[in-house]
Structure formats: C-alpha cells, structure tokens
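Keep the structure open beside you and try each task before reading its solution.

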Amino acid sequence: MFDDLPPDLARLLTLRVWHTLWLQRIDAKIAALEEREAEREQGRRNRPAEPDWVVELGIGNGRPPIEVHLGGCYAAGARRRPVPRDEARRLLASGVRACGHCRPDTALDIADLSTPPAPTTASD
C-alpha cells in the first residue's frame, strides 16, 4: 500500500490544521468571486438602455452640438448626450453634421442635407 503520510499523530494533526486553513482560504476566495460575478450580472441587468440617438458636443462656450450619431456608434466622441428622435431630426435639419460612419440621416429618412436640390427645368 502506498502511504506517503507521516507515521506519527502530531505531524498528521499539523497537516490536518494546515489543510483546513487552506480550505478556508480557498472557500473565502470562491465566495468572493461568486459575489463579484453576481454583482456584475446585476449591473448588466440594471444597465440603462442605449439611446437611439446621441449628439456629440463641441468644446467651448455652451458646448454646441457638432455631430449627430446613432446610439451605438463607435465614432461618437466622449462629450455627448442622448437626444430624442425629433431633436436629432431638428439638429440635422439645422445644419449639424451627420456622422459619416453610422449615417443617422439615412436612419431618420432625411434626404442628404449637404447638397442643394438639383435645379428643375421648366418646359414652355
């Protein structure tokens, strides 16, 4: 029989205490990781919904709007705020630039505002 444990009672009791301490450390670490994972999951469930539209703000006096984006656009800068659909349409119509990556003007069914309409020819 393979027996690598010490033959005397004192050393066996010492090993038992040592392993008990390690099991307590391991159990405490498991409990802390489970609690952290539960907090992450709760944070994921309670996270506010992503806005449909955001406006990127400039710097300076009054922080004027400089570009309109879809809510999940990766190109939106750090200075931004969510806006409702009607305000996004109003901003685009007033000349605020539409993001070239997410194309909010297309999503809002707004014709290209940067080019003037083609002239029409009147037939006499």
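**Exercise 1.** Find out how the side chains of R45 and E41 meet.

*Solution.* Step 1: the pair forms a salt bridge, with 3.9 Å from N to O. The term stands for a side-chain nitrogen of Lys or Arg within 4 Å of a carboxyl oxygen of Asp or Glu. Step 2: R45 and E41 are four residues apart in helix α1, so about one helical turn separates them. Helices here are DSSP runs (H or I, at least four residues), numbered from the N terminus. Step 3: R45 is exposed, at 56% relative accessible area, while E41 is partly exposed at 31%. Exposed means over 50%, buried under 20%, and partly exposed in between (1.4 Å probe, protein chains only).

This is a predicted model, where local features need pLDDT of at least 70 and side-chain atom pairs count only at pLDDT 80 or more, while totals for chains, interfaces and linings use all residues. Residues are numbered from 1 along each chain as its sequence is written, and side-chain values use heavy atoms, leaving out hydrogens and water.

**Exercise 2.** Which salt bridge do R44 and E41 make, N to O?

*Solution.* Step 1: their side chains meet at 3.0 Å. Step 2: both residues belong to helix α1 (residues 9–46) and sit three residues apart, about one turn. Step 3: R44 is partly exposed, with 42% relative accessibility.

**Exercise 3.** Describe the salt bridge of R11 and D8.

*Solution.* Step 1: the N to O distance is 2.6 Å. Step 2: R11 is partly exposed at 48%, and D8 is partly exposed at 27%. Step 3: the whole structure holds nine salt bridges.

Technical notes:
Helices (H or I, at least four residues) and strands (E, at least two) are DSSP runs, numbered from the N terminus.
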